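Please open the model in a viewer and keep the selection tool at hand.

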Amino acid sequence: MTALLAATPAHLTVKIAYLSILPMLALLGGALVILVWSSLLRRPLETVWITSLTVLAATAALVLSLMQYFDVIHHGAHVAIDGAIVSDGFSAFVAVLVSAAVVVAALVGDGWLQQETIRGPEFHVLVLVSASGAMVMGAANDLIVVFLGLEILSIALYVLAAFNARRRQSGEAALKYFVLGGFSSAVFLYGIALVYGSTGTTNLPQIASYLAQNYVLHNGMLLAGLALLLVGFGFKAAAVPFHLWTPDVYQGSPSPVTGFMAAVAKVGAFAALLRVFVSSFGLLRADWQPAVWVIAVASLLLGASVALVQRDIKRMLAYSSINHAGFILLGLQAGSTKGVEGSLYYLFAYSFLALGSFAVISVVGGPGDGRHGLDRYRGLARRQPWLAGALALFLVAQAGIPPTTGFWAKLEVLQAAAGAHSYALAVIAMLSAVIAGFFYLRVVVLMYSPAGATGDGAATGTIVDTVEPARAVGDEGEPVGVAPGGEAGSGAVALLEADTGESAEPLVIPGTTGIALALCAGATVVLGIYPAWLTDFAHQATLLFHP
Amino acid sequence: MVPGALFHFSWLKIPANRIDFLTFVFSAAIVLVGAVNVVRQRNPVLAALSLVMTLFGVAVLFVEQQANFLAAVQIIVYAGAIVVLFLFVIMFLGVDREESISEEPLRGQRFWAYLLMALTFVGLLLAGLGSRFGSGVPSVAGTLNDNPAHPRSATPDVVVLGKSVFTTYLFAFEITSALLVIAVVGAVVLARRPGAGPLAEEDDDEVEVEVETAEPEEVST
Amino acid sequence: MSVPYQWDIVLSMLLFSIGAVGVLVRRNILVMFMCIELMLNAANLAFVSFARHLNDVAGQAIVFFVLVVAAAEVVVGLGIVVAMFRRRRGATADDFHLMKG
């Protein structure tokens, strides 16, 4: 063995700075341990154990990414593994955010899996692997690594979207997501090809140095490549001309998956978008800023206005996420360090709001995860004060009302836009925030209004469905899943094993989902009251950002 | 041939080497006929076979550009695995009937799509025509051809490619394993029977087998 | 000397456009997947041509990774199709009317 190593030419060995990839390795390693362990056992592993392992792996990743962050603070940013990835404040920030999101998503997923009586480690394995893709995107220093991270993130999400095999909508959502996602990946790849052809490299700092050292007179090919990259990222981030998949996929996917998708897919897409556009193509700012301006305005206005007329809360939140994408693009459009800081702050705040909102939705959706009409939220505060309170908090924060993280996030990106003299954009953003405030507050008012006639109907319907979840009935009254009644009955029993334990209540919050909600709500309120910590974190993340 | 630009149009001149020229023309024709047939063909089986044609043409073009290893992988992976998978699924689902593409639910969509295609192509072409390709950048990953004067006697491409994959692209190579994990786990998840209730008593492998034996009756109705 | 690499670039642009329009006009899910494969192949062709022009191995290495990605993507995509269409026949996108718009 040593002889073999000695025989290896020195130029063929790559020095690996393990600290820079340890957070990803923790997630991937956790996934493999779960997979191997559960396949070695004769009896299927209890979901509780799988969830605990997932949370453990994600917590380990969180700790390791914080270590990476402090290492970067003390020793400076550096590239690792022959320039494939970079370890800087930005990548550490993304890693922290993604790990935290995995903790929450695993807890929410646990409650949902027990409710649906789905056994097996696959959900958590896919969540872990998908999250590692988002982390790779945050740390990528080469366009091909960005592409691979994007694919790891997306392909796992396609499967997760199809995870609820009993609901037909889930499969449809997955198929739609897959076709449009595959299309956008191909567009993105062609964009990489054109950038490679124009600059001669796919390495992000080298693209930047090529553009700095060469004045490219005829750069049509480069700009075409840049446009295709923007289209690819726009699809993943659900920005407006490329948002067509969002409402259907958000509605059709299982609710915990939707929350994960809304948070982590956006984080990955925006992290790579910010790094590629601001650090590599920063010199071409004047060329891409108008395009980003148009996309941001379209996302802000369309997201806010179409959400107003939605009757389904998941569709409403899908359009709201489009609106949020517009806000995050504000930071990109500014093209400055301040803008990147604002976008990172917004991503952090939004991730927990999205995860929390969809956690509540997955509880309210009930067995079968099929009832998401807004009517179902009428009088929720009376039936489930804690659940309604949590959702109200997340919606109020998304509307940008202080003292929540949502307010500071909006403030940060608006300051960045104003700092870059994009006053029109800032005004449009504020206008869209006002429009968006209506539909968030409408749901809040609905929850705290006394249950009317329809509310009673929904409540009785809930009880019936809890007793017989096999006949899961969608909003439109179509049967959306046919499960044999016998097995589903055990699901109803499993449902009652929750901390509230009130069998009279049709809605039961699973204990794990309760913890997840507490985490999200805590992050929203604590960081909303003490915003300095997160502001500093986001600021440090951009100071070390390789320009 | 002026290196580094589509701008000067001298590349439109037919090159002296007629064999290379004819190879290009034939393989380009194969590629385009196959691609158009994938889009036009009503029968999915024939569309898949047209896809093989295109993939083969692309492989020939790879060989022409001294990417011999990639040409082999292209044939093995694409034609050998991916298209076979397509054909398997087409047959498995029994959707090999002709699809009536003349009855479009949205009239005029087709026209706009073709217009969009023309615009995409013309846009890319114009962007390319008005651009200067990068050249002379210090190569990160290593030079492809260390003997430009005699390309056929240079270091074989598989050696160069292997070196770069295990050095510069080591990280990229390693994380592709995550993709394969996803593909395996995804196949297991998706092969589950819907509505089978708790899968507690069965292993995933057994579920898969059951699906494969049970399905043909269902789809053949 | 073989043909100018620009010919391959123009060919790859044509292939990419054909694939893109195929995804947009076809209703058959499987054919849509095939058109996505056409687009990926167009990118591969462009990468190989640029790699030859730049005399840089990066373009070829990328193609290698794209092949892996394409394989994984097709496995998952076809898995979704199989899971979806077990219960009924015909794989056309217009069968999806459960969700509006």
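**Chain A: a loop between two helices**

Begin by selecting Pro403(A), which lies in the loop between helix H16 (385-399) and helix H17 (405-419) of chain A. The model on display is a predicted one. Most peptide bonds are trans.

Next, select Pro385(A), which is found in helix H16 of chain A. Is Pro385(A) buried or exposed? Pro385(A) is exposed, because 12 other C-beta atoms lie within 10 Å, and a residue with 12 or fewer is classed in this way.

**Chain A: helix H11**

Move to Leu274(A), in helix H11 (residues 255-280) of chain A. Leu274(A) counts as buried because it has 26 C-beta neighbours inside 10 Å. Which residues does Leu274(A) contact, leaving aside its neighbours within four places in sequence? They are Leu332(A), Val340(A) and Ser343(A). Then select Phe90(A), which is 184 residues from Leu274(A) along the chain; the separation of the two C-alpha atoms is 9.9 Å.

Most residues other than glycine have a negative phi. The next two stops have positive values.

Select Asp82(A), in the loop between strand E1 (78-80) and strand E2 (85-87) of chain A. The phi of Asp82(A) is near 55°, although the residue is not a glycine. Asp82(A) counts as buried because it has 20 C-beta neighbours inside 10 Å.

In chain B, select Gln66(B), in the loop between helix H2 (44-64) and helix H3 (68-93) of chain B. Gln66(B) is not a glycine either, and its phi is positive at about 65°. With 21 C-beta neighbours inside 10 Å, Gln66(B) also counts as buried.

**Chain B: helix H1**

Now select residues 18-40 of chain B, which form helix H1. How far apart are the end C-alpha atoms of this helix? They are 32 Å apart, which agrees with the 33 Å that 23 residues should span at 1.5 Å a residue. Colour the buried residues of H1(B), among them Phe24(B), Val31(B), Gly34(B) and Val39(B). The buried residues of H1(B) pack against H2 of chain B together with H1 and H2 of chain C.

**Where chain C touches chain B**

Show chains B and C together. The contact takes 84 residues from chain B and 69 residues from chain C. On the side of chain C that touches chain B, the elements giving two or more residues are H1, H2 and helix H3 (58-85) of chain C. Of these, H3(C) gives the most, with 22 residues. This side of chain C divides into 46 nonpolar, 15 polar and eight charged residues.

**Confidence**

Finally, colour the model by pLDDT. Chain C has a mean pLDDT of 83, and 83% of its residues reach 70 or more. Select residues 96-101 of chain C, over which pLDDT stays under 50; the model has nine contacts beyond four places in sequence for this stretch. For the complex, the predictor gives an ipTM of 0.90 and a pTM of 0.86.

Definitions and conventions
Residues numbered from 1 in each chain as written. Chains lettered and ligands numbered in written order. Predicted model: local features only at pLDDT ≥ 70, side-chain atom pairs only at ≥ 80, totals over all residues. Helix = DSSP H or I, 4+ residues; strand = E, 2+ residues; numbered from the N terminus. Contact = placed C-beta atoms within 7 Å. pLDDT = per-residue confidence, 0-100. Nonpolar A, V, L, I, M, F, W, Y, C, P; charged D, E, K, R; others polar. Expected span 1.5 Å × (residues − 1).
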